Amino acid sequence: MIEKIVIVGTSVETRRMALMVQAASKFMCKIDIETDGRIANAKSIMGVVSLGLVSGQEIVIVADGEDEKQAVSVVEQFLL
C-alpha cells in the first residue's frame, strides 16, 4: 500500500476529473482519494466529484495492489 499527500492544483474542473477517473480505471489496484475525513474511489466520477476538491486543498492518494506506484503517479498528475 502506498499513500501520497498532494496539494490540489488549479485544474479541478469536472472534465479533468473525468479524465483522471478514466486513467485510474485502467489500473488493477484499488485507488482512493481521502480528504477531510471522506474517502472516494478514484475510479468513480461520482465519488471524486462528491469530494468537492478545490485548489490548495490537501488530499491523500492511497493505492493498494500490484501496480500501485504507477497508479499514484498518474492520479497525482491530474490533481496538480
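Okay, let's start with the contacts: of those in this protein with a separation of 6 or more, 69% are between residues 24 or more positions apart. Keep in mind that we're looking at a predicted model.

So, the overall layout. There are 3 helices and 4 strands here, and if you walk along the sequence you get β-α-β-β-α-β-α. On dimensions, the C-alpha trace spans about 30 × 20 × 20 Å along its principal axes. The radius of gyration is 11 Å, and that agrees with a compact globule, because 80 residues packed that way would come out near 12 Å.

Now the surface. As for the inside, 44% of the 80 residues count as buried.

Okay, the residue I actually wanted to show you is E68. You'll find E68 in helix α3, which runs over residues 68-79. And here's the bit for anyone who likes electrostatics: E68 is buried, yet it has no salt bridge. Which side chain of opposite charge is nearest to E68? That's K69, and it sits 6.7 Å away, while a salt bridge would need the nitrogen and the carboxyl oxygen within 4 Å.

What does the E68 side chain have around it, then? One of its polar atoms lies 3.0 Å from the backbone nitrogen of G65. And if you skip the neighbours within four places in sequence, E68 is in contact with M1, I2, C29 and A63.

Notes:
Residues are numbered from 1 along each chain as its sequence is written. This is a predicted model: local features need pLDDT of at least 70, side-chain atom pairs count only at pLDDT 80 or more; totals for chains, interfaces and linings use all residues. Side-chain values use heavy atoms; hydrogens and water are left out. Helices (H or I, at least four residues) and strands (E, at least two) are DSSP runs, numbered from the N terminus. Buried means under 20% relative accessible area, exposed over 50%, partly exposed in between (1.4 Å probe, protein chains only). Lys and Arg count as positive and Asp and Glu as negative; His and the chain ends are not counted. A polar contact is a pair of N or O atoms within 3.5 Å; within protein, one must be able to donate a hydrogen and the other to accept it, and residues adjacent in sequence count only if both atoms are side-chain atoms. Contact means heavy atoms within 4.5 Å. The radius of gyration is taken over C-alpha atoms; the globule rule is 2.2 Å times the number of residues to the power 0.38.
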